[in-house]
Amino acid sequence: MSLAITPFKHETLNCLESQIISIALSWNKRYELMFLGKWGFSFRSREYDTASITGDRILTQMDDTFIPLEYYHGIKMEEHQVAKTSAMMDLIQLYLAENVPVILFVDSYWCPWDPGYQTYHNMHFVIVVGIDEKQERFICVDGFYDKHREHLPLKDLHQYCSVCYSIRNVEKKQSIPSTEEVAAYTWNKLSGEYGMKEAIISFSEDIIHHFNYTEEIGRYKDKWWASPLFKRLIKVSQGRLLFAEALHFMNDVRLSPIVDEMKLASRNWENLRVMLLKSSHLADPMVMLQRVANKLEEMAEAEAQILQQFSEMVQTDETRHQSIDRHYYVEMRYLVNNRAFGSFDTPGNFCDGLFFLAHDLPSTAIWAVSSTTFLMESYDGYSHDNMTARGQRVDIESEQYFEKVDLLIAFTKKTSCQVFIENSSGELQEWLLEGEHWITGQADSSKDIGYSGQMALYEKEKVRLLPQLGRICALRFQLREASQVAALTFSFNEDVHIFSITLS
């Protein structure tokens, strides 16, 4: 017996979204508001990074879909990460017995119907709807590839999966957000000292001064579409279409013009991708690249005007979220002494020199986690990106009064660390940081996940992707009263890694 789920395929969806929507529609539920955070763009400038290719600098800046999916549509996703194959098998069987579908995070190398099967490693997701115990295999549905009934052998489970998601049909907490709420959220996310408009212009300047098609394609050769540049530009284009879909679902006449403008913005990004591809076939590519740069400047202005429309929908100053310049960011690049992020060409060195996150950490870009924003400004693609806690005193060079201290932090085992927060009068407040291993177990539900990325292992001068996810958490300390913070001092614990320090 297997669950009755029909695959849903659409070209604007990634593989996880395809599986989620396949399940939602099978339950006769909607899903559109999960896309409210899909409009975004950021770009890591060359101020701190002179080596990375242009494509590696593009950041799609798309927010978590799980929270609005549960809140507005009553579809609750829970992540489970287990160390043993037997425990994963028990978990899947338990949920299927309760008629709860399970989405597996799999390595495409071990997925028989994926183009990467036995060829290359890549992230993919599939829905498990049943188990064929006689043949010892999972029965799967795959919306991304429009597969109705495919099979994954149980014997290879340890090779392709250690992470899964259970999906439950629950009561939604709210039918639909107000347009003013969406406007405030969108304005807060994309405006600021280094907002989306500035990021797009920075991208246009990089195209003129640094873009090299051969370097961009690099090891991808005939698979140009799989290079960071073209994959991320597709995501940027598709994100605008999905955001338009969420706005259309809200059914507010004020949003109708913005829906059309977002669809046009999506087409502009797709056309830009085609123009960059054409430049590689021209005797003088600079002519086309100049057109690309000019087009990007036009797009930056057009999208800024769309964002301004959201600003005008925010009713009062109280509903406006703080801009980025209302926060204070510690200049981490002078403090970092370890590296967790890397690529296949330049692996990181983290967690006993073995594990690292396989994707770039945003730099000169904003991470929004709940009501907290972080500025990542230290990572250059090759050097250190986090600070190991070794008793450092971190001076705060600001005369502002602060109420909160926020950290992006990872733990390389279940452990704790003390932070002493000193105000300008010399008074101390103690903060005990506690956390689980960053690649095992479930994250504490009271903590926000600032980043969740695929793990990789560096062994014998080769890099291979792992089915585990690594997590960087956002932790907050509320001061007793608003005060001038003079310094933060961390106790010695080399299993505690700090990626960003923000005061607000």
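Visitor: Why is Pro-228 called buried?

Guide: Pro-228 has 13% relative accessibility, and buried means under 20% relative accessible area, with exposed over 50% and partly exposed in between (1.4 Å probe, protein chains only). So Pro-228 counts as buried. Bear in mind that this is a predicted model, where local features need pLDDT of at least 70, side-chain atom pairs count only at pLDDT 80 or more, and totals for chains, interfaces and linings use all residues. Residues are numbered from 1 along each chain as its sequence is written, and side-chain values use heavy atoms, leaving out hydrogens and water.

Visitor: Which residues is Pro-228 in contact with, leaving aside neighbours within four places in sequence?

Guide: Those are Gly-55, Asp-56 and Tyr-220, where contact means heavy atoms within 4.5 Å. Gly-55 sits 173 residues away from Pro-228 in sequence, yet their C-alpha atoms are 5.0 Å apart.

Visitor: What makes S4 and S5 a pair?

Guide: Two strands pair if DSSP finds at least two bridges between them, and strands are DSSP runs (E, at least two residues), numbered from the N terminus. Six bridges join S4 (residues 102–107) to S5 (residues 123–132), therefore they pair, and they run antiparallel. Phe-105, for one, has Phe-125 in S5 as its bridge partner.

Visitor: What makes S3 and S7 edge strands?

Guide: The open, antiparallel sheet has six strands in the order S3-S8-S4-S5-S6-S7. Strand S3 (75–81) and strand S7 (147–153) each pair on one side only.

Conventions: Helix = DSSP H or I, 4+ residues; strand = E, 2+ residues; numbered from the N terminus.
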